[in-house]
Amino acid sequence: MLDWLAAFTGGGLAAKATAAVTTTGAAVSTAAGTPGIPWWVWPLLLFVTTFALGIVAVLGGVGGGVLFVPIVGSFFPFNLDFVRGAGLLVALAGALAAGPGLLKLNLANLRLALPVALIASTFSMVGAFIGLALPNDVVQTALGITIVLIAFLFVVSKNTEFPQVGGSDKLARFLKIGGTYYERSSGKTVDWSVWRTPQGFLLFIAIGIMAGMFGLGAGWANVPVLNLLMGAPLKVAVGTSKFLLSITDTSAAWVYLNQGAVLPVIAVPSIVGIMLGSFVGVRLLATAKPKAVKYLVIVLLLAAGLRSLLKGLGIWN
Amino acid sequence: MAKPQAEMLKSPAPQEARAKASVAPQVEVAPEQLVYANVLLYGSWLGIALLLLTNIIYLTGLVKPYIEPAMLPQYWGMKASEFVRVANMPTGWGWFKMLGYSDFLNFIGMALLAALTIIGYLILLPAYLSKKDVPYTFIVLAEVVVLVLAASGVLAVGGH
């Protein structure tokens, strides 16, 4: 029935590959971490979990990746490499799906996004290589610390709808960063510009490294830097950040794909689960209590961060 | 002196505001930005649909997999470098030669999603060139180089 596929791959390669899997099967059986549980239970649980995370992420105003990696990495039997690879694809798929609407409304601004994306995507590639080269316990510990810090950031960070901007700096003027968008709530158009551009660009080096290293996406860091530091209006910061993820996560995702760190059985249910959950979340948005959901997100992050930290330190495996 | 960007709101007359609220926003969007948006729109949904389809093929066993799903619990706890070595998995674009196996079919959708940004940037490039926008032409070219380098698989990591 599928002769063309066999012909395409070449019989010799196929036979060699199958033999390799069969002979190594016994050798790897000791690595099975969950004996007695049918294999399909985990992808199914993953789908249910990511569906719920998709709802919470929309209601809490956070990206799916920042919840996905610490929670799945801490409570599922998958190696953190595969979880981070899936996390990047989850963030990438969400950013790509949101991108068109943001670009058409000018809420994702190319003049702001492109220079920042070049920095963040270059360093997310570096971060991906660092993450894949480091031992698991080191990455798990660093991830735990980062997630706990992100939880605190969510507690203390108060973004501003229209931040104070003390005039564009030289770099912003050279790159002509600024723009106009339509504010639906007031029926007005808003002109905006940015400042402290060099400082902002420097911070995106760290953001890129963390995005690639932990597979988190990086909306949690992009928005405060674009909004609070560089002075972009909140809607532009959120829209540009989401679009930015589609570029930042692309370079890191390629590294994970090329290094064999993406397992479809983990990545696909996660992407579908989060996206379906996001659609439900958007429908629930009108009736949800934002403060309660924000606290839920913080508690989830703290729990997953502490679990990751303890797992990394070998205290709670 | 710093001024809040809210002061930069262009307030139309009340009647005009009502009219604006009911019609499409009067914001200029560059044509290349719209083309980029459409590439993302159709490409991302095509990628996600391909992911779903190929995953169903994989899980239902319609096409023979390289690694049976039931064998996966033996591998998914391993570090990626160990998994590649023990299961003799291809790295880089090696998966392309393995498309006869259902598990590798899933990589088509993933590669498409990861390629969309490169396609989008290639759309932006002529627009910035024709505007003689040197800084952004350089930025777009540099980004294409970075993404192609990441996608090429020529860079490798030492397994720990």
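Two residues count as being in contact if their C-beta atoms, placed from the backbone, lie within 7 Å. Keep that in mind as we look around this predicted model. Take the contacts in chain A between residues at least 6 apart in sequence: 83% of them join residues at least 24 apart.

Chain A is built with 13 helices and three strands. Of its 317 residues, 56% are buried.

Let's visit two of those strands. β2(A) and β3(A) pair in the antiparallel sense, with six bridges between them. One place to look is A:G179, which stands opposite A:W192 in β3(A). The hairpin that these strands form has four residues between them, and there A:G187 takes a positive phi near 70°.

Now for a meeting of two chains. Here are the elements described in this report:

| Element | Chain | Residues |
|---|---|---|
| Strand β2 | A | residues 178-183 |
| Strand β3 | A | residues 188-193 |
| Helix α11 | A | residues 234-258 |
| Helix α4 | B | residues 102-130 |

Two packed helices are described by the angle between their axes and the distance between the axes. For α11 of chain A and α4 of chain B, the axes come within 9 Å and cross at roughly 140°. The two helices are therefore oblique to each other, and their crossing is left-handed.

Which residues in α11(A) meet α4(B)? They are A:S246, A:I247, A:T250, A:A253, A:W254 and A:L257, and their partners in α4(B) are B:M110, B:A114 and B:T117.

Terms used: Residues are numbered from 1 along each chain as its sequence is written. Chains are lettered from A and ligands numbered from 1 in the order in which they are written. This is a predicted model: local features need pLDDT of at least 70, side-chain atom pairs count only at pLDDT 80 or more; totals for chains, interfaces and linings use all residues. Axes are lines fitted to C-alpha atoms, for helices over the stretch in contact, and angles run from 0 to 180 degrees between N-to-C directions. Angles under 35 degrees count as roughly parallel, over 145 as roughly antiparallel, 65 to 115 as roughly perpendicular and the rest as oblique. A crossing is left-handed if the near helix is turned anticlockwise from the far one by less than a right angle, and right-handed if clockwise. A residue is buried if 20 or more other C-beta atoms lie within 10 Å of its own, exposed if 12 or fewer, and partly exposed in between; C-beta atoms are placed from the backbone. Two strands pair if DSSP finds at least two bridges between them.
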